Amino acid sequence: EYLIIIIISPKYYETVTASPAGLESDERTYNTVYIHKQLQNEFIQNGSKNFRFIPILFPGAKKCHVPNWLQNTHVYGWPRDRDDILRRLMRVEKYNPPPIGELPTIVSIPI
């Protein structure tokens, strides 16, 4: 499956949280709101588990600009988390766990 990058900015937040009456009536705005609702529906259908979305805060944006439904997922900051974003896109782990060793022997001594 494809991963979806969601660029978070104050303008994006304003667009997707505004009431329909307060929105500019241009094609970009309608498309942004439509796509946002589709992403939100997928998130809800997945039991509010984030499998595909990579929210990235652009300069000038803060955690409060992240839509409510994405608040409990990992949010990256650009350019600070550039390497982590690239790892996520390439599906490469940051840390590789050490190999599993032999199981310890458990000795039971009666008291």
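Begin by selecting Arg91, which sits in the segment after α3. Helices such as this one (H or I, at least four residues) and strands (E, at least two) are DSSP runs, numbered from the N terminus. The model is predicted, with local features needing pLDDT of at least 70 and side-chain atom pairs counting only at pLDDT 80 or more, while totals for chains, interfaces and linings use all residues. Residues are numbered from 1 along each chain as its sequence is written, and side-chain values use heavy atoms, with hydrogens and water left out.

**Stop 1**

Most residues other than glycine have a negative phi, and most peptide bonds are trans. Arg91 is exposed, at a relative accessible area of 55%. Here buried means under 20% relative accessible area, exposed over 50%, and partly exposed in between (1.4 Å probe, protein chains only).

Now select Ser48, in the loop between α2 and β2 (53-57). Ser48 is not a glycine either, yet has a positive phi of about 60°. With 48% relative accessibility, Ser48 counts as partly exposed.

Next select Trp78 and Pro79. What kind of peptide bond joins Trp78 and Pro79? The bond is cis, with omega about 5°. Pro79 belongs to the loop between β3 (76-77) and α3.

**Stop 2: salt bridges**

Side chains of opposite charge can pair when their charged atoms come close. A salt bridge is counted when a side-chain nitrogen of Lys or Arg is within 4 Å of a carboxyl oxygen of Asp or Glu. How many salt bridges does the structure hold? There are five.

Select Arg80 and Asp81. Their closest N and O atoms are 2.9 Å apart, and the two form a salt bridge. Asp81 is buried, at a relative accessible area of 12%, whereas Arg80 counts as exposed at 66%.

Move to Arg82 and Asp83, another salt bridge, with 3.1 Å between the closest N and O atoms. Arg82 is partly exposed, at 43% relative accessible area, and Asp83 is partly exposed at 43%.

Then select Asp84 and Lys94, whose side chains meet in a salt bridge of 3.7 Å, N to O. Asp84 is in helix α3 and Lys94 in the segment after α3, so the pair ties together parts that are ten residues apart in sequence. Lys94 is partly exposed at 47%, and Asp84 is partly exposed at 23%.

**Stop 3: a nonpolar patch**

Select Ile5, Ile7, Phe58, Trp78, Leu86, Leu89, Met90 and Val92, and show the surface. These residues make a nonpolar surface patch of about 700 Å². Patches are made of residues with over 30% relative accessible area and no salt bridge; like charges are joined within 9 Å, and nonpolar side chains (Val, Leu, Ile, Met, Phe, Trp, Tyr) within 5 Å. Accessible areas come from the Shrake-Rupley method with a 1.4 Å probe, and for residues, only the protein chains shown count as cover.

Which element gives the largest share of the patch? Three residues come from α3, and this is the largest share. Leu89 lies in helix α3 and is partly exposed, at a relative accessible area of 34%.

**Stop 4: Arg88**

Select Arg88, also placed in helix α3. Arg88 is partly exposed at 23% relative accessibility. Show what lies around Arg88: leaving out residues up to four places away in sequence, Arg88 touches Leu3, Asn50, Phe51, Arg52, Phe53, Ile54 and Tyr76. Contact means heavy atoms within 4.5 Å.

**Stop 5**

Two packed helices are described by the angle between their axes and the distance between the axes. Select α1 (residues 10-17) and α2, whose axes come within 9 Å and cross at roughly 80°. Axes are lines fitted to C-alpha atoms, for helices over the stretch in contact, and angles run from 0 to 180 degrees between N-to-C directions. The two helices α1 and α2 are therefore roughly perpendicular to each other. Angles under 35 degrees count as roughly parallel, over 145 as roughly antiparallel, 65 to 115 as roughly perpendicular and the rest as oblique.

End on His36, in helix α2 (residues 27-45). Is His36 buried or exposed? His36 is buried, with 6% relative accessible area. Beyond residues up to four places away in sequence, His36 touches Tyr12, Val16, Pro67 and Trp69.
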